[in-house]
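The sequence and structure come first.

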Amino acid sequence: MPPIKIMIQLDKDNQSLLIFLDLSVAFDMVHNENFGESTAINVWGLLGKAKLCLTRRQLPSLEERKKYDYEFANSTSFHGVHNIVRTHSKTRKVLWMLVVLGSVILVAWQIHSRFINYFSWPTTTSIVVQYVENIEFPAVTFCNLNRYQTQAVANLSIIFFLWNIVSGVLRLFDAEDKFGQELSDFLQGNQNFSIKEFTRNNGFYLNNSTLLECEFFGKPCYPQDFEHVFTEYGNCFTFNHVNVPTRKRVSISGRGLSLLFDIKQEQFTDDPTLGFVDAGITFAIHSPQEPPRFDGLGISTPVGMHAHAAIRQLKTVIQEYPWGECNPNIKLQHHKVYSTYGCLQECKARHVQQKCKCLPFMLPGNGTECDLEKFYKCVSPAVYNIELMGLCTVGTHNSTCPVPCEETDYPVTISYSTFASKKAVKFLSAKLSKSPEYIRHNLVYIDIKYHDLNYKMTQQQKALSVSELLADVGGQLGLFCGASMITVIEVVEYIFTNFCWMCVFLLLKAPELPNWNTSDQNQQSHKRIQEC
């Protein structure tokens with residue numbers, strides 16, 4: 001069935017409605033011939049009605065228009081204009097015209113520069129030191145630089161390589177092919193092997209034998225006050241974790257957390273070929289709301305040393321785009337507080353889960369846990385591709401993870417002293433029943449305390465608000481022209497009135513409209529349709 005085509009046309013007097021229906025191709029020919037004429041009729045019809053309406057109203061005479069201009073010049077609050085029309089001296093007229101014209105040019109230049117400055121989105125940075133009576137203590141995550149128990153990995157050197165592959169989702173690791181055959185043999189013979197459970201059971205542990213002393217603000221603390229977490233260093237333990245119900249607060253500077261670790265070098269070991277050649281404790285200081293980050297931020301304390309870490313609290317407030325680079329609309333699904341590191345973890349989790357159909361246990365989210373084979377064959381290449389292609393970027397407002405609008409950091413000033421002195425070694429040897437050599441090679445003492453009971457806030461602020469911009473523009477208008485918002489409305493009204501008069505004049509001077517005989521055209525159209 002051919003398509004149905006409809007044309008609706010009003011006649012010249014707007015009294016009748018003509019509708020043509022055609023089921024054949026012939027109607028297209030008729031429609032194409034008359035379409036231009038129909039459009040012309042409609043346009044001229046509108047102009048004719050406008051002209052008829054305007055002729056009913058009398059156009060102001062030239063004298064009336066001059067009188068209106070003169071009254072505007074005398075009554076306007078725009079300074080200087082009335083001096084042009086009132087004075088009889090031509091010299092004064094020219095002088096005042098130059099003054100008014102120069103003032104208008106200057107104020108236009110000043111307003112233009114103000115808008116250019118505003119749309120460059122300027123900011124200022126204020127730094128405030130706020131003193132408080134007590135301050136919240138950060139979370140501190142501790143890890144042993146030797147990740148595994150020696151007995152458990154005596155015949156499983158591949159474990160170190162496996163954990164580097166697994167933790168590569170946190171810190172990029174280049175999985176070389178030198179373990180390729182050994183890894184393939186291990187995966188075929190241990191298909192149900194769980195590196196997660198193996199590390200939890202055979203990695204570093206925290207109990208009364210590894211945490212010899214713990215004191216927070218003069219009160220003892222115990223291994224159960226620490227929360228277990230997985231990092232690239234295997235088993236780690238966080239003090240003042242977000243899951244701890246009571247938040248630790250400090251009210252005296254110079255006092256905080258003191259710990260004495262026994263790293264048991266004979267019991268724990270690592271693979272030096274993979275870069276793990278140190279012995280001691282590494283720790284990261286971070287907000288309780290954020291996950292620990294060791295890559296580039298961990299502080300290592302060697303054995304036989306006493307680390308004195310003096311911390312400060314630094315709060316940073318960044319404006320949203322376009323003034324700053326933060327995006328307040330981004331929320332994390334698995335972290336209470338937004339941070340770039342937490343955002344990167346969730347971004348990697350989404351890409352890995354989409355490609356590998358599983359989720360690494362070290363990344364946040366809900367999904368099927370990846371086994372070792374998928375870690376080696378899919379997860380590691382996927383993480384490498386994320387880094388190579390820049391799928392998870394950090395920094396600017398249009399990146400995947402822009403900077404947070406509010407962030408709390410803990411800058412650290414650290415110093416070391418030898419632990420322990422000769423007299424202290426004798427005391428500890430008798431107390432722990434350990435030899436002086438054992439104490440020198442296994443004990444690590446760490447003190448973490450606030451330097452002062454204050455925090456420093458660095459706040460990025462808008463250098464120019466909308467109200468300040470309007471006030472600045474109004475000041476420029478008042479300085480150069482003595483004008484205000486009322487003056488602007490007066491000028492707009494004057495220009496609009498003259499514009500309307502000009503339009504009326506042009507319409508009345510329009511040529512006579514052609515007399516279109518639409519009835520003859522309609523009859524011809526009907527005749528052609530019937531013939532077709």
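K377 is exposed, with a relative accessible area of 56%; exposed means over 50%, buried under 20%, and partly exposed in between (1.4 Å probe, protein chains only). The model is predicted, so local features need pLDDT of at least 70 and side-chain atom pairs count only at pLDDT 80 or more, while totals for chains, interfaces and linings use all residues. Residues are numbered from 1 along each chain as its sequence is written, and side-chain values use heavy atoms, without hydrogens and water.

K377 forms a salt bridge with E373, a residue that is partly exposed at 41% relative accessible area. Both residues belong to helix α9 (residues 372–389) and are four residues apart, about one turn of the helix. Helices (H or I, at least four residues) and strands (E, at least two) are DSSP runs, numbered from the N terminus.

Seven salt bridges are found in a search of the whole structure, each being a side-chain nitrogen of Lys or Arg within 4 Å of a carboxyl oxygen of Asp or Glu. Among them are these:

| Pair | N to O distance |
|---|---|
| D472 and R114 | 2.6 Å |
| R147 and D270 | 2.7 Å |
| E373 and K377 | 3.0 Å |

D472 is partly exposed at 25%, and R114 is partly exposed at 22% relative accessibility.
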